[in-house]
Amino acid sequence: MKYKSMFIATSILCSTQAFAELKWQDFSISYLQGSDYEVGADDRQVITFEHASGHSWGDTFFFLDRTHYDGGTQDTYFEFQPRLSLGNLTSSDLSFGPVKDVYLAAQWESKSDSFGGFDNYMGGLGVDLDIPGFRYFKANIYQVTNDKNDNDQQLSISFAVPFSVAESEFLYDGFIDWSTSEDDHESEMNFTSQLKYNLGNVMGTESPFYVGIEYSHWNNKFGIKDVDERNVSFIAKWHF
């Protein structure tokens, strides 16, 4: 329960500064459809709500997936990740080399389904890296308190690379999650990324409206030995 307490403490620290300067925020809704998933039905449709924000005290990221499986079953999964800037907390410049800041990082993973779901809690440290060509590159390392499995460690990386071809705008973004093996599960690696075209430029919308593909390259999915997912999905995503 130590890392559940760390998650709660980090969230409280962030909430006490909730009225500090808001630097940016982004909200989006996306639709995903794929037909080659592992563990459960092959065909799925997913509606995702995302919100990310940056503040003078740190940042937050939240997403919620509502998944509709072939056959009629559904489930809900979300992650909430607050990060507290240690540079802000200590009134110090912690930047060095490509590192822009260091964070106290926490994360809550929760799933609700017909099997009862789970709640996992994470606590650790994170960094933001300044890498040419990247809109952002974030890395967090956690100790994980798992609800259903043995506790483990996880490295999480998220990134975004915008680029243009002629006058067309594209975005390549995604995440990599790698976790350690324990007595009751294998080490797993999930590299999921999206290549998207901003159709909003053609439509004349002020905010981006992306269409493209998502590719999931997931080894030992959910820690199950030799269950490897290679799934390509269609995605449409509207930011506003």
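Histidine 185 touches Asn149, Asp150, Asp152, Thr180 and Gly223 when residues up to four places away in sequence are not counted, contact being defined by heavy atoms within 4.5 Å. The analysis rests on a predicted model, in which local features need pLDDT of at least 70 and side-chain atom pairs count only at pLDDT 80 or more, whereas totals for chains, interfaces and linings use all residues. Residues are numbered from 1 along each chain as its sequence is written, and side-chain values use heavy atoms, with hydrogens and water left out. The position of histidine 185 is in the loop between strand S9 (168-179) and strand S10 (188-198), where helices (H or I, at least four residues) and strands (E, at least two) are DSSP runs numbered from the N terminus. Histidine 185 has a relative accessible area of 6% and is therefore buried; on this scale buried means under 20%, exposed over 50% and partly exposed in between, for a 1.4 Å probe and protein chains only. Its side chain makes a polar contact of 3.0 Å with the side chain of aspartate 152, a polar contact being a pair of N or O atoms within 3.5 Å of which, within protein, one must be able to donate a hydrogen and the other to accept it, and for which residues adjacent in sequence count only if both atoms are side-chain atoms.

The side chains of aspartate 128 and tyrosine 103 are joined by a polar contact of 2.9 Å. Beyond its neighbours within four places in sequence, aspartate 128 is in contact with residues including Asp59, Arg83, Lys100, Phe137 and Lys138.

The second largest pocket holds about 180 Å³ of space. Of the 13 residues that line this pocket, Trp24, His55, Gly58, Tyr103 and Asp128 are the closest to its centre, and the elements giving two or more residues to the lining are strand S1 (22-34), strand S2 (44-55), strand S3 (58-69) and strand S5 (99-112). Here a pocket is an open set of points on a 1 Å grid over the protein atoms alone where a 1.4 Å probe fits, with protein on both sides within 12 Å along at least five of seven lines, and lining residues have an atom within 4 Å of a point.

Aromatic pairs were assigned to rings of Phe, Tyr and Trp (its six-membered ring) with centres within 6.5 Å, planes under 30 degrees apart counting as stacked, over 60 as edge-to-face and the rest as tilted; by this rule the count comes to 15 pairs. Phenylalanine 134 and phenylalanine 137 form an edge-to-face pair, at 5.6 Å centre to centre and with 80 degrees between the planes. The rings of tryptophan 238 and phenylalanine 240 form a tilted pair, because their centres are 4.4 Å apart and their planes stand at 35 degrees. Phenylalanine 134 is partly exposed at 32% relative accessibility, whereas phenylalanine 137 is buried at 17%. One aromatic cluster is formed by Phe134, Phe137, Phe159, Tyr172 and Phe191.

Backbone geometry provides two further features. Serine 91, in the loop between helix H2 (86-90) and S5, has a positive phi near 55 degrees although it is not a glycine, and serine 91 is exposed at 69% relative accessibility. Aspartate 226, in the loop between strand S11 (209-219) and strand S12 (229-239), likewise has a positive phi, of about 65 degrees, and is exposed at 58% relative accessibility.

Definitions and conventions:
Points joined across faces, edges and corners; volume = space filled by probe spheres on them.
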